[in-house]
Amino acid sequence: MQPFDLVIRGGTVATATDSFKADVGIRGSTIAAIGDGLDKGKREIDARGNLVLPGGVDSHSHIEQLSASGLMNADTFESATTAAAFGGTTTVISFAAQHVGMSLKTVVDEYHQYAERGAVVDYAFHMILADPREEVLDKEVPPLVKAGHASLKVFMTYDRLKVDDEQLLNVLQAARDNRAMVCVHAENHGMISWMGKRLVKKGYEAPKFHAISHPRVCEPEAFTRLIACAALVDQPIMIFHVSTQEGTQVIRKARGEGLKIFAETCPQYLFMTKRDLDKPGLEGAKWMFSPPARDFHDQEALWQALALGDLQVISSDHAPYAYDKSGKLVAGKKSTFKQIPNGMPGLEARLPVVFDEMVSNGRFDVTKFVAWTATNPAKIYGLYPKKGTLAIGSDADIAIWDPKKSVTFSDKTVKDRAGYTPWKGRTVKGWPTIVLLRGEVLVADDKLKAKPGSGQFLARKAGAAAEPLGRATVEFDPKQNFGARLR
Ligand code: URP
Ligand code: ZN
Ligand code: ZN
């Protein structure tokens, strides 16, 4: 038997189901053995006193992407994935973002080039459809899904990106026909637009009014409409960045009816509230993202929804804009909140802030941390078991966490190009001190060890999560619809 190339010795290994003391043996790029007293490897890492976890899978991150207002965000694939790596994330799913009039194929080709040039962790793309015209859905989507882009994303709000209900139904149908997951930013556009105009007209222009301009009800309203559309087509969906208690209730009811509805939230909704936007001048712009942070009772509702399984994923929704003219202040120092791009950086901080609360503070155990931040997104998006777990044959993507290491977030140490962290001043206990990607050291001694472009594209087939239920809705059942054959 070949010796192991690397043995991680004596740590506490955790998966989404178990945690136990074991050595992990790696040959080449994959895990070859997990057990007690493994033979000596060519190299060894002493993990005693540390947790040995799968590298994180961040399934919602905007990288090198044109924003809703046509502004390029702050990161390149190199800077964003470097930030991810330092925070223990070894796989990202970012977006290939079509805007109106663009060919989806051309867009996907461009994002491939950006990622090939810079990524230091492995990556896949959700394809954003802002212009789901017939030729795109019929001619471009099928070969792109076959090429491994097994998820589509649509926005129900943002002037330049939103789809109406009919377009949404077309996208859901295309996903069903080609077997892909559909991810949705679901908020009621009319309410947001109307509230925004009303606030600005009356002189309420500061960033904190962003939080008011997305009324709470725009979430459950859009979720209900979206779920009705998905049920009509019989297409599974993923609802992105759930922020309100009312939103979780809509999801719980739909899942209770057996519908295939998946949903995520993000650290900003678990730890921040609308009060974070209430800062002097335009400073609150750093905490402007959509949907906005809500209230303390929403945080509790989101944790409860995670515990009950109604939410399955904690992603970052990394969407970085620098606090200067290239980003948040693009419209100058007198901008209204409507002129400020939405989004905050999150790839680096996602795992540490969640680990701190779940594992160090004991809100949940480490298996749940692994499930919500790595295993579940890998399963839902067709990356499992290559990614998202520690198992024989899985990629040796491993984050070794020192549970005693305390870190205080500071603008000076951010690795992405936002230039600030919305977590500034927050101290967390627990940090991934050594991170491996496919058996190679990615981060150690506070240094990045990989070269830009070493990340690999992950072609994915949609897994069981994206399979339709096969329930006969009345309108699609020839026995009940006067014999019409619509499938
Ligand atoms: O505010 C955010 N989250 N911006 C990024 C785009 C989106 O809405 O997901
Ligand atoms: Zn969104
Ligand atoms: Zn997003």
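Good morning. In this predicted model, strand S8, helix H3 (residues 134-146) and strand S9 form a β-α-β unit that is right-handed. From S9, the chain then crosses through helix H4 (residues 165-178) to strand S10, and this β-α-β crossover is right-handed as well.

I turn now to the pairing of S9. With S8 (residues 122-128), strand S9 (residues 151-155) pairs in the parallel sense over 2 bridges; here Met127 stands opposite Leu152. With S10 (residues 181-185), S9 also pairs in the parallel sense, over 5 bridges. In that pairing, Ser151 has Met181 in S10 as its bridge partner.

Are the residues of S9 buried or exposed? Of its 5 residues, 5 are buried, so S9 is largely enclosed by the rest of the structure. Both faces are covered: on one side Ser151, Lys153 and Phe155 are buried, and on the other Leu152 and Val154 are buried.

Finally, I come to the ligand. Which residues surround ligand 1? They are His62, His185, Phe289, Ser290, Asp317, Ala319, Asn342 and Gly343. This shell comprises 2 nonpolar, 5 polar and 1 charged residue. Thank you for your attention.

Notes: Residues are numbered from 1 along each chain as its sequence is written. Chains are lettered from A and ligands numbered from 1 in the order in which they are written. This is a predicted model: local features need pLDDT of at least 70, side-chain atom pairs count only at pLDDT 80 or more; totals for chains, interfaces and linings use all residues. A residue is near a molecule or strand if its C-beta atom, placed from the backbone, lies within 6 Å of it. Ala, Val, Leu, Ile, Met, Phe, Trp, Tyr, Cys and Pro count as nonpolar, Asp, Glu, Lys and Arg as charged, and the others, Gly among them, as polar. Two strands pair if DSSP finds at least two bridges between them. Helices (H or I, at least four residues) and strands (E, at least two) are DSSP runs, numbered from the N terminus. A residue is buried if 20 or more other C-beta atoms lie within 10 Å of its own, exposed if 12 or fewer, and partly exposed in between; C-beta atoms are placed from the backbone. A crossover is right-handed if, with the strands pointing away from the viewer, the path from the first strand over the helix to the second runs clockwise.
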